[in-house]
Amino acid sequence: MDYNYEQSSEVEALDSIYYGDMQILEIEPIHKFSIPIKSETFDEGEGLSCQLVFTYTPKYPDELPIIEIDNDENLDSVVDKNELLAHLTEQGKENLGMVMVFTLVSAGQEWLNVKWDSIKKDREEKVLAKLKADEEAELKRFEGTRVTVESFLAWRKQFEIDMGIPAKREKEAKDKNKLTGKELFLRDTTLNESDLQFLDDGDAVKVDESLFQDLDDLEISDEDDEDYVPGQSGSDSD
């Protein structure tokens, strides 16, 4: 195989394909050049890009070219460029014996697209996860803690302690034992209510009429009358 011819012919073809983008770095004693690759959305402001630098070996294409990655500033921050180099090396081994730079550039381009799609998916999932977490936190804030009998009793007990209610009750119990009858009457409204109830029930008092049925049979003398005055009869006669 005429290696020099194969190499020169490939460089000429690549320069036509990547015209304006491909840069010839060296011609003698060996060919060295760079070709940029980028993900599909890179020109829109987001994506991955780098320069692939190829250096022919004396027996290329029966040997792999030397592959380097340059201008990889935005690549290093999100992916490992060694993964890309390993991927290109594997692709090169499958194409030994034939010119392969176009195949390697295409493989590198596709690798960047796949990586960028994966990165975008991960970012979107993180955004969705955060939104979901925020929504759940908001719902939980409005929903509050579910109240059970036990939790309510515990809350009420603590609330009364915080408000000093047990101490107030104990003090009131002690003060009540020291109150006079009048103070108890004024404080206990049930006493007033019982008197009013008694008055309301006054019309309902039953009288045993049998006690008064034999009054006519009783002999009552005037002397027994406290208002009796001697010399005056019960009826005046003119």
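1. A quick word on terms to begin with: a residue is called buried under 20% relative accessible area, exposed over 50%, and partly exposed in between (1.4 Å probe, protein chains only). With that in hand, Lys115 is partly exposed, because its relative accessible area is 25%.

2. Before going further, note that this is a predicted model, where local features need pLDDT of at least 70, side-chain atom pairs count only at pLDDT 80 or more, and totals for chains, interfaces and linings use all residues. Residue numbers start from 1 along each chain as its sequence is written, and side-chain values use heavy atoms, with hydrogens and water left out.

3. Now the overall layout. The protein chain has eight helices and four strands, taken as DSSP runs numbered from the N terminus (helices: H or I, at least four residues; strands: E, at least two). Reading from the N terminus, the order is α-β-β-β-β-α-α-α-α-α-α-α. Of the 238 residues, 20% count as buried.

4. On to the inside. The largest nonpolar core has 28 residues; a core here is a set of buried Ala, Val, Leu, Ile, Met, Phe, Trp, Tyr and Cys residues joined through side-chain atoms within 4.5 Å. Those with the most contacts inside this core are Phe33, Leu52, Phe54, Leu75, Leu84, Val101 and Val105. At least two core residues come from each of helix 1 (3-17), strand 2 (32-38), strand 3 (49-55), strand 4, helix 3 and helix 4. Helix 4 gives the most, with eight residues.

5. How many salt bridges are there? The count comes to three, using the rule that a side-chain nitrogen of Lys or Arg lies within 4 Å of a carboxyl oxygen of Asp or Glu. As background, side chains of opposite charge can pair when their charged atoms come close.

6. One of these bridges joins Lys115 to Glu83, with the closest N and O atoms 3.1 Å apart. This pair links distant parts of the chain: Lys115 sits in helix 4 (residues 101-143) and Glu83 in helix 3, 32 residues apart. Glu83 is partly exposed, given its relative accessible area of 38%.

7. Another bridge pairs Lys130 with Asp134 (3.1 Å, N to O). These two are four residues apart in helix 4, so about one helical turn separates them. Lys130 counts as exposed at 54% relative accessibility, while Asp134 is partly exposed at 39%.

8. Then there is Lys38 with Asp43, whose closest N and O atoms are 3.0 Å apart. Lys38 counts as partly exposed, because its relative accessibility is 34%; Asp43 reaches 60% and so counts as exposed.

9. Strand 4 (66-70) and helix 2 (73-76) each supply at least two of the patch residues. Asp80 lies in the loop between helix 2 and helix 3 (81-93), and is partly exposed at 36% relative accessible area.

10. Last, Ile17. This residue belongs to helix 1 and is partly exposed, with a relative accessible area of 47%.
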